[in-house]
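Me: I have a structure open and want to go through it with you. Can we start with the strands and then move on to the ligand?

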Amino acid sequence: MSRPPLVPPLKCQGIKTKLVSVIQKIAETREYSRWIEPFCGSGVVALNVQPKKALLCDTNRHIISLYQDIQRGKITAATTKEFLTSEGEKLKSQGEPYYYEVRTRFNEAPTPLDFLFLNRSCFNGVIRFNRKGKFNVPYCHKPERFAQAYVTKITNQVRQITEVLRSVDWTFEVRDFRETLAMAEAGDFVYADPPYAGRHVDYFNSWSDADEVALAAGLGSLPCDFLLSTWHSNEFRTNSAIDLVWSRADFHMLKREHFYHVGSSENLRHPMIEALISNFPTIEEAAIVRPVEQPMLFALDSAA
Ligand SMILES: C[S@@+](CC[C@H](N)C(=O)[O-])C[C@H]1O[C@@H](n2cnc3c(N)ncnc32)[C@H](O)[C@@H]1O
C-alpha cells in the first residue's frame with residue numbers, strides 16, 4: 001500500500017501536491033543520480049519523490065532559509081510548536097493588529113519562523129511579496145488560527161521533514177533558475193515548475209515571456225532528463241507558451257486536469273489542464289496514476 005503524500009509546512013500558490021504521484025511515477029522510469037529543482041517552492045515534490053541526492057533552489061530566500069534551518073536543526077518540531085503556540089496566543093488575544101505586527105516585524109528583519117507564521121495565517125495561504133520585496137498578503141481573519149490541533153499539524157509536518165532531511169543528501173540554495181540549470185550534469189534529473197506567465201507579478205514570482213523562452217532554451221540544452229509542469233489551458237484560455245515555446249519536436253507532452261486549492265482569486269480555483277513536458281517519452285502507465293482524491297479525465301498528447 002502506498003503511503004499518504006507528505007505535506008510540507010509551507011503553502012504556496014501552484015503547489016503540486018496533487019501532481020506528485022504522476023511526477024513520481026514518471027521519474028521512477030528514469031535513472032538518475034541527482035534530483036534538481038530550480039523552482040522548489042514548498043518542496044512538496046522532492047519531499048515525496050525523496051531522491052537520495054538533490055539540489056533544491058528557488059529565488060525566494062525565505063523558503064530556502066526555512067528548509068536550511070530545519071536541515072541544520074536550528075528549527076525543530078519542538079521550537080516550531082513553542083513559537084506557534086506563543087505567537088498564536090497573542091494572535092488570539094490581539095487579533096488582526098497582531099498579524100500586522102508580525103508582518104511588519106518580518107518585513108524589517110525576516111526570520112523563517114515569522115515567515116511560517118505568516119504563511120499559515122495569511123489570507124488563502126499564498127506567498128506574495130510586493131515589488132520592494134515586502135510580504136503583503138492580508139490577514140485570514142481567524143484569530144484562533146493557531147488552535148492546538150493546527151499547531152500540532154504544522155509541528156508534525158516539520159517533524160516529518162526533519163526525518164526526511166536526516167536520511168538524504170540535499171542542498172537548498174537561493175538561485176535564479178539560469179544558474180541552477182547551468183549546474184546540471186549528465187545523470188541528473190531536472191524537475192522544473194516555474195511560475196505561470198502573466199499570473200503573478202510579485203517580487204519572487206514575476207515571470208516574463210523572456211523568462212519562459214530562456215527556460216525552454218535552458219531545459220532544451222541540458223545534458224540530462226527534464227520534466228516541466230506548466231498550465232495548458234482552463235475554461236477561459238489556453239497558455240500561449242504551449243504553442244510558442246514548448247511545442248518543439250524534441251519535447252514530449254502529457255496533459256491532465258488538475259485543480260488548485262490555493263489561489264489568491266476565484267479565477268485561480270477553476271479546474272485547469274496541466275501539461276507535463278519532457279525531453280524523453282513519458283510512459284503511458286504514468287498517465288494512469290490519478291492525483292490524490294482526484295478522479296479526473298486526462299488526455300495523452302505528444303508535441304512531437
Ligand atoms: C509554481 S512555484 C513552485 C511550486 C512547487 N513546485 C511546489 O509544488 O510547491 C514557482 C516557484 O518559482 C520561484 N521562482 C520565481 N522566479 C524564479 C526564478 N527566476 N528562478 C528561480 N525560482 C524562481 C518562486 O519563488 C516559486 O517558489
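Predicted model: local features only at pLDDT ≥ 70, side-chain atom pairs only at ≥ 80, totals over all residues.

Me: What kind of unit do strand 1, helix 2 and strand 2 make?
Reply: A right-handed β-α-β unit. Helix 2 covers residues 44-49, and strand 2 covers residues 53-58.

Me: How many residues of strand 2 are buried?
Reply: Five of the six, so the strand counts as mostly covered, with buried meaning under 20% relative accessible area.

Me: And which way does strand 3 run relative to strand 2?
Reply: Strand 3 (residues 169-174) runs parallel to strand 2, and six bridges join the two. In this pairing, Cys57 is opposite Glu173 of strand 3.

Me: What does strand 1 do with strand 4?
Reply: Strand 1 and strand 4 pair in the parallel sense, over three bridges. The bridge partner of Arg34 in strand 4 is Asp188.

Me: Why call strand 4 largely enclosed?
Reply: Because five of its five residues are buried, the rest of the structure largely encloses strand 4.

Me: How does strand 4 pair with strand 5?
Reply: In the parallel sense, over four bridges between strand 4 (residues 188-192) and strand 5. Phe189 has Asp225 as its bridge partner in strand 5, and Val190 stands opposite Phe226 of that strand.

Me: Is strand 5 mostly covered or mostly open, and which residues does it span?
Reply: Strand 5 spans residues 225-234 and is mostly covered, with ten of its ten residues buried.

Me: Which way do strand 5 and strand 7 run?
Reply: They run antiparallel, and seven bridges join strand 5 to strand 7 (residues 272-278). One of the pairs there is Asn234 with Met272, its bridge partner in strand 7.

Me: OK, ligand next. How many residues surround it, and which are the closest?
Reply: The ligand is surrounded by 23 residues, and the closest are Lys16, Ser42, Asp58, Asp193 and Phe204.

Me: Asp58 was on your list. How far is its polar side-chain atom from the ligand oxygen?
Reply: The separation is 2.6 Å, from a polar side-chain atom of Asp58 to an oxygen atom of the ligand. The 53-58 range of strand 2 ends at the number of this residue.

Me: What about Asp193?
Reply: An N or O atom in the Asp193 side chain lies 2.5 Å from a nitrogen atom of the ligand. Phe177 comes in through its backbone, where a polar atom is 3.0 Å from a nitrogen atom of the ligand.

Me: How much of the ligand's accessible area does the protein cover?
Reply: On its own the ligand has 610 Å² of accessible area, and the protein covers 95% of that.

Me: Why is Gln50 classed as partly exposed?
Reply: Because its relative accessibility is 29%, and the partly exposed class lies between under 20% for buried and over 50% for exposed.

Me: And what about His141?
Reply: His141 is not a glycine either, and its phi is positive at about 60°. The residue is in the loop between helix 6 (112-121) and helix 7 (148-167).

Me: Where is Lys18, and is it buried or exposed?
Reply: Lys18 is in the segment before helix 1 (20-28). At 14% relative accessibility, Lys18 counts as buried.

Me: Last one: where is Pro97, and is it buried or exposed?
Reply: Pro97 is in helix 5 (residues 96-108). It is exposed, at a relative accessible area of 54%. Pro97 and Tyr139 are 42 residues apart in sequence, with 9.3 Å between their C-alpha atoms.

Conventions: Residues numbered from 1 in each chain as written. Heavy atoms only, no water. Near = heavy atom within 4 Å. Polar contact = N/O pair within 3.5 Å; in protein donor to acceptor, adjacent residues only side chain to side chain. Areas by Shrake-Rupley, 256 points an atom, 1.4 Å probe, with all protein chains shown as cover. Buried < 20%, exposed > 50% of the residue type's maximum accessible area, 1.4 Å probe, protein only. Right-handed = clockwise from strand over helix to strand, strands pointing away. Pairing = 2+ DSSP bridges.
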